[in-house]
Amino acid sequence: MIKIVSMDLDETLLNSDKVMTKSFYNFVDKLRSNNIIPVVATGREYYSAHKFVGDVDIDLICNNGNVIKDNLTGKVEYVNPINEEDLKSVMAFDDNKNIYTSLHIATDNEIDLVYKRKNFENFEGTYIDAFRNRNLALDDFNKLEGKPLSIVFAGSHDDLVELRNRMKKEISDRFNFHIMRIRREPKWMLEVLQKNGDKFYGIKKYAENRNINLDKVAAIGDDSNDIMLIKNVGLGIAMKNSVDSLKDVADVISDFDNNNDGAIKILNKVIFGG
């Protein structure tokens, strides 16, 4: 019997216009009434995830598994920072002036993201701009205040593929790499995480804290950063609109996409038979 249901946000619970499916709220109540724990697992940081989820009593596994927080209170259950040596190893590859370099961090203040000044004469409409009033410009990351959670490079697809391939060749034993499309300029981002910086490890920690085995966990997602999670839980579900690499490891693929309530429909079907 499933005891935890993990749900992704972008292109899963959210439609392509970044609007939460209305059935999410009743479904969370339905899970709780059946003694099943709902959780949202996302690559987004807490502030952004909370904005989309709203005032719902649910836990958020954010920053691709590196932070667990109570959605309503912001209380931290778990933080998994990148160590200083690993951060320096990744930043040694930051040598392309056409790539925007930023770092998601956990702090006690309202700063969620720091970025290098090197090429940000105007960041309006860019990936960095999405964190306006919650970002901070730095000349370098050597005197960083806060716990680094993930490194994000934004640029052209070709530049990011070249950067990823260089890093894979030299430091792939220590990191995970995810290239994803974004809505803002530039249109692509490369996220670099430590090997245990993955949604799977966040869910694993969350389940362990509640004495629940992973075979009692169901998870649904759509992108490459969901692969390890979908592959290793009891029931892994890929959205119809998922990347092919995720569909290849999923137990189930939804009948509908994220613009047609595909996530909640398939979860209701496989968990409750309706």
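**View 1. Phe153 stands opposite Leu190 in strand 11.** The model is predicted: local features need pLDDT of at least 70, side-chain atom pairs count only at pLDDT 80 or more, and totals for chains, interfaces and linings use all residues. Residues are numbered from 1 along each chain as its sequence is written, and side-chain values use heavy atoms, with hydrogens and water left out. Strand 9 (residues 147-155) and strand 11 (residues 188-194) pair in the antiparallel sense over five bridges. Strands (E, at least two residues) and helices (H or I, at least four) are DSSP runs numbered from the N terminus; two strands pair if DSSP finds at least two bridges between them.

**View 2. Six strands form an open sheet of mixed pairing, in the order 8-7-6-9-11-10.** Strand 8 (135-138) and strand 10 are the edge strands, each pairing on one side only.

**View 3. Asn176 is found in strand 10 (residues 175-181).** Asn176 counts as buried at 11% relative accessibility (buried: under 20% relative accessible area; exposed: over 50%; partly exposed: in between; 1.4 Å probe, protein chains only). Not counting residues up to four places away in sequence, Asn176 touches Glu191, Val192, Leu193, Gln194, Lys195, Gly197 and Asp198 (contact: heavy atoms within 4.5 Å). The Asn176 side chain reaches the backbone oxygen of Gln194 at 3.5 Å.

**View 4. Eight strands form an open sheet in the order 5-4-3-2-1-12-13-14, with mixed pairing.** Strand 5 (76-79) and strand 14 (252-253) are at the edges with a single partner strand each, so one side of each has no neighbour in the sheet. Strand 1 (residues 4-7) and strand 12 (residues 217-221) run parallel, joined by four bridges. Ser6 stands opposite Ala219 in strand 12.

Key:
A polar contact is a pair of N or O atoms within 3.5 Å; within protein, one must be able to donate a hydrogen and the other to accept it, and residues adjacent in sequence count only if both atoms are side-chain atoms.
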